[in-house]
Amino acid sequence: MRILTWNINGIRTVFGYHPWFTLKTTEAMLDELKADIVCFQETKIQRSKVTRDMAVPPSYDSFWSFCSGSKAYSGVSVHTKRSVLSPTRAEEGLTGLFPSRSSQPKLRPALDSSSERVQPLLLSSDMYEVVDPAFTDLELLDSEGRALVLDCGLFVLINVYCPAETDEARTPFKMSFHYLLAARVRALRDAGREVILVGDINIAHRPIDHCDGWEMTKTEEGRRAFREKPTRRWFDALTGEGGPLVDVHRRQFPDRKGMYTCWNTLIDARPGNYGTRIDYILISPALLPWLASADIQPDVLGSDHCPVYIDLHDSIPHPTRPGETLHLRNALSHAPDPPRICAGQWDEFSGKQRLLSSFFGKGPAASAGPTPPKVSRSLSPAPSIAASTSESPSASAPSPSVSSSSAPLPAPSSSAPLLSASSPPAGKEKGKAIASTSTSSSQQTTKPLRKSTSSSTAATTSAKSKQQQATLASFFAPPAKPKPAAPAPSPSSSSSSSSKKRPRPPEQEQDGEDADALFALSLAEAAPVKNKEETKSAWAAILAPKVAPKCEVHGETCKEFTVNKPGPNRGKRFWLCSRPVGPGYDAGAGKRKREDVDPTYRCNFFKWSSEIKRDLPSTSKTPSPAKKSRAGGG
């Protein structure tokens, strides 16, 4: 049996990577991982966003813990293959108090401490070391969806996503969570239960587990500072001699270097394996006979972490009864019904809650009887063609108003019928439509003239603006100069003089499209014909790609990146040395001494893409005289 843990960094984003984007379902992804128990951390999702495909894979039981806040920045989940085991009990959090009856009773009903929780013992703040009195509120430590506890029979599985040490203000919360985790593990061990602790613990235990460990521990002061850090002292107490758990990967590979599980994506640290080991599987010493192998999977992409797994034997010799065999399947639990916090027991996926889509489904089929006539909601008579026509701006009768144009508009006759653009009615309906039209027109003249006035004014303004719209040629025509009045020429002289004049740009009184076309034609005829080679070179200079610069240390072509961090430079592109980062890479004089720089890895070359000149091709094969003189030194 395989147990696998993976900080997935967003369960919805992992499907954007190979091979996960080729898989259509969550069950297919779980099958691809080839594990019987899959533990995810940093799922970054709220319960309302979990789909049926995620929550109820056909072959798995799924358990989730979500962040109680509005932002889904944490969260863990456990998926157990139903054919291998079925947990008997499961709970969120580490305290045994969460969720209480006061926290989201509909989404997280309170569990019975004796029959539903893994351990009836409820932890209290006096059972572990408290760094800050503010964290004596145990539910606060459990409110971020960072832990799941499952009873699997042979062992109790704890899946955790421990807080990161982002700043000093976050350190008390982080250490309180660690101390609470150790207290829960010890309580289970004291009760005679075996424990498997998996997840992102966010601690690089030893210098060999950190990419810069060798540099941090070069001096005695550095070694003492590294060793005395509170998080590492906590890890020593948990996994050291006499501790309740064992680090199985370091036990199996005590001197293996580069066994990292997390890499910084901001500096593209994964290709050079410049990372840290912060994901672990820790087990009770009594479970070591079941351990078959342990390793990491750095070639599995989709997150800034990689999966970590252990394999357990299917059977082992009985430790106290010679000749007898213990089978793993018999030691695991096989509950007939999953625990209440299993996703399959949620109301939205168990059939207890009506889906929103059911309210928009088709109703029962209507009877085949005659369709009753529709009753109009309006108090006016039934709508006619004239009524619909009178609402149309193009057919509405303009009322007498003051127009902005110089020529007054004639008032339409009230006796003239108004017809729509559709085909006229035939037979008796035609007479009714005309009568209704005249009645509607007469009623409209008795109404206030505000609407008609605005419509007439808008139509007049639109016509005036259309007449005064400038053409493209008008922007290139010389400004008109006032000319002195001249006697009118005779027809013969006018025709002769007009034939001698050159074509002038079209004026505004011509149609706009024709004027622009004629003006463009005149510009094309008047423009000097350039050399085709010069034109080609000019366009090539505009469209030429930017030449990638070369770093100064290695003389190799650089690699272009894009700023994704929010700020004034977001979206800007820049160039860095194409070599991967690694131990001793040049991170800058302020971060690493010059004598500690290893030139095998990335140098500190940096240049904005906007500073890179385009590779301008030569305009001709023969250099110009100026270039010849410079080449000759003259």
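Modeller: A residue is buried when its relative accessible area is under 20%, exposed over 50%, and partly exposed in between (1.4 Å probe, protein chains only). The model is predicted: local features need pLDDT of at least 70 and side-chain atom pairs pLDDT 80 or more, while totals for chains, interfaces and linings use all residues. Residues are numbered from 1 along each chain as its sequence is written, and side-chain values use heavy atoms, without hydrogens and water.

Biologist: Why is cysteine 39 called buried?

Modeller: Its relative accessible area is 0%, and the limit is under 20%, so cysteine 39 is buried. Cysteine 342, at 2% relative accessibility, is buried too. Of the 634 residues of the protein, 38% count as buried.

Biologist: How do you know how many disulfides there are?

Modeller: A disulfide needs two cysteine sulfur atoms within 2.5 Å. For cysteine 39, the closest cysteine sulfur is that of cysteine 152, at 8.5 Å, which is too far for a bond. The search of the whole structure finds zero disulfides.

Biologist: What makes up the secondary structure of the protein?

Modeller: It has 17 helices and 19 strands. These are DSSP runs numbered from the N terminus: helices are H or I with at least four residues, strands are E with at least two.

Biologist: What makes S7 a mostly covered strand?

Modeller: Strand S7 spans residues 156-161, and six of its six residues are buried. Val156, Ile158 and Val160 lie on one side, with Leu157, Asn159 and Tyr161 on the other, so both faces are covered by the definition of buried.

Biologist: How do you know which strands pair with S7?

Modeller: Pairing requires at least two bridges found by DSSP between two strands. Strand S6 (residues 147-151) has five bridges to S7 and runs antiparallel to it; leucine 150 stands opposite leucine 157, and leucine 148 has asparagine 159 as its bridge partner. Four residues lie between the strands of this hairpin, where glycine 153 takes a positive phi near 90 degrees. With strand S8 (residues 195-200), S7 has six bridges in the parallel sense, and valine 160 stands opposite glycine 199.

Biologist: Why is the unit of S7, helix H4 and S8 given its handedness?

Modeller: A crossover is right-handed if, with the strands pointing away from the viewer, the path from the first strand over the helix to the second runs clockwise. S7, H4 (residues 171-190) and S8 make a β-α-β unit of that hand.

Biologist: Which strands stand at the edges of the open sheet, and why?

Modeller: The sheet has six strands in the order S5-S6-S7-S8-S12-S9, with mixed pairing. S5 (89-92) and S9 (246-247) are at the edges because each has a single partner strand, so one side of each lacks a neighbour in the sheet.

Biologist: How do you know where the buried residues of helix H1 lie around its axis?

Modeller: In H1 (residues 26-33), Thr26, Glu27, Met29, Leu30 and Leu33 are buried. They cover an arc of only 160 degrees, which puts them on the same side of H1; the arc is that of the directions from the helix axis to the C-beta atoms. What covers them includes strand S1 (2-7) and helix H2 (52-55). Just after H1, lysine 34 takes a positive phi of about 55 degrees.

Key: Contact = heavy atoms within 4.5 Å.
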